[in-house]
Amino acid sequence: MSMSEVIERKAAIDAAIGAHDAERFADHFQPWLEATAYLRTRPNFAKLGMEPGAILQFNAVDLRDVGTRKEADDAVMGFCIAAGLARDAAAFTALDKLLTQRFGIIYPGSSALYHCNQTIDPIVTLDDAVGQVLKSLFEGEDFAPDRLWNAGLRLLQRLRSSNFERELTPILGAWLRAQWEAVIAGPNPALNPDAVWLGIRAALDDERADQSFIAALLLAAGAAIENLAINPEYLNQLAKLAQRG
């Protein structure tokens, strides 16, 4: 019964993130964190030949657990990514208010939200980089091609390490498609014209919005942007990801 309940709780938090529905997310946030704690302890019971039992309800101490706070940061960052790509600043603000009301100022997941509403300089971690991209989106900024490329790379890297990878991938894919279609719709001196039509347009012809599409689009766009220095390791990673099957 407990594993089916885990699945139900995951579906509920997935739906809240996909719709960037702050109230729904807040309602299902603690139940999801309780489910992740259950999943972390389940292997230990299995080693002892014991059943893990039911999903336990958290108290205030449980919410301060390091593992729980990590899972909370992941869930809140997932919400912020979905809301940011929709430029839904109201949802972002509402989530902060709701979670503060329910859990206090230093609530589980507050670290992830901090990355998205504060200026961070220098940028050190991946969440620093992703948070600054989302901050710009919430503030309505437009991205030049080189910054758009870097935003796509960082968001792809972040979602690949998230519990919400499957839900966030098509959202990012659709956003990048719209952004690059807009970029190549008019003249852009930062782009090599031949590389645009041989590369970016060909990548956009793929109607899927999976990670292979995202990687192929980033490879094509990176080749088209004049004077864009890309770490060779990133190019290797994208080339592998772009290959389907």
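Tryptophan 149 touches Trp180, Leu218, Ala221, Gly222, Ile225, Leu228, Ile230 and Leu238, leaving aside residues up to four places away in sequence. The model behind this report is predicted.

## The nonpolar core

The largest nonpolar core has 75 residues. Phe25, Leu134, Trp149, Trp180 and Ile200 touch the most other members of this core. Helix H3, residues 66-85, gives the most to the core, with 10 residues.

## Aromatic rings

A pair of aromatic rings is described by the distance of the centres and the angle of the planes. The structure holds 5 aromatic pairs. One of them joins phenylalanine 29 and phenylalanine 103, with ring centres 5.9 Å apart. Their planes stand at 80°, so the pair is edge-to-face. The cut-off for that label is over 60 degrees.

This pair links distant parts of the chain. Phenylalanine 29 sits in helix H2, residues 22-47, and phenylalanine 103 in helix H4, residues 89-103. The two are 74 residues apart.

Is phenylalanine 29 buried or exposed? Phenylalanine 29 is buried, because its relative accessible area is 0% and buried means under 20%. Phenylalanine 103 has a relative accessible area of 23%, so it is partly exposed.

Which residues do ring pairs link into a cluster? They are Phe25, Phe29, Phe79 and Phe103. Phe25 is also one of the core residues that touch the most other members.

A charged side chain meets a ring as well. Arginine 177 lies over the face of phenylalanine 213, at 4.2 Å from the ring centre.

## Salt bridges

Side chains of opposite charge can pair when their charged atoms come close. The structure holds 15 salt bridges.

| Lysine 10 | Aspartate 14 | 2.8 Å |

Take lysine 10 and aspartate 14. Both lie in helix H1, residues 2-18. They are 4 residues apart, about one turn of the helix.

Now take arginine 158 and aspartate 74. Arginine 158 has 8% relative accessibility, so it counts as buried. Aspartate 74 has 6% relative accessibility and also counts as buried.

Glutamate 141 counts as partly exposed, at 31% relative accessibility. Arginine 147 is partly exposed too, with a relative accessible area of 34%. Elsewhere, salt bridges that share partners join Lys10, Asp14, Arg166 and Glu167 into one network.

Where is lysine 135 found? It is in helix H6, residues 126-138. Lysine 135 has a relative accessible area of 16%, so it is buried. Its side chain makes a polar contact with the side chain of glutamate 139, at 2.8 Å. Leaving aside residues up to four places away in sequence, lysine 135 touches Cys116, Asn117, Gln118 and Thr119.

Glutamate 23 is found in helix H2. It is exposed, because its relative accessible area is 52% and exposed means over 50%. Glutamate 23 touches Leu98 and Arg102, not counting residues up to four places away in sequence. Glutamate 23 and isoleucine 7 are 16 residues apart in sequence. In space, they are 20 Å apart, C-alpha to C-alpha.

## Backbone exceptions

Most residues other than glycine have a negative phi, and most peptide bonds are trans. Some places in this model depart from that.

The peptide bond from aspartate 121 to proline 122 is cis, with omega near 10°. Proline 122 is found in the loop between helix H5, residues 110-117, and H6.

Histidine 20 has a positive phi, near 35°. It lies in the loop between H1 and H2.

Asparagine 227 has a positive phi of about 65° although it is not a glycine. It is found in the loop between helix H10, residues 211-224, and helix H11, residues 232-242. Asparagine 227 has a relative accessible area of 81%, so it is exposed.

Methods
Residues are numbered from 1 along each chain as its sequence is written. This is a predicted model: local features need pLDDT of at least 70, side-chain atom pairs count only at pLDDT 80 or more; totals for chains, interfaces and linings use all residues. Side-chain values use heavy atoms; hydrogens and water are left out. Buried means under 20% relative accessible area, exposed over 50%, partly exposed in between (1.4 Å probe, protein chains only). A polar contact is a pair of N or O atoms within 3.5 Å; within protein, one must be able to donate a hydrogen and the other to accept it, and residues adjacent in sequence count only if both atoms are side-chain atoms. Contact means heavy atoms within 4.5 Å. Rings of Phe, Tyr and Trp (its six-membered ring) pair if their centres lie within 6.5 Å; planes under 30 degrees apart count as stacked, over 60 as edge-to-face and the rest as tilted. A charge sits over a ring if NZ of Lys or CZ of Arg is within 6 Å of the ring centre and within 35 degrees of the ring normal. A nonpolar core is a set of buried Ala, Val, Leu, Ile, Met, Phe, Trp, Tyr and Cys residues joined through side-chain atoms within 4.5 Å. A salt bridge is a side-chain nitrogen of Lys or Arg within 4 Å of a carboxyl oxygen of Asp or Glu.
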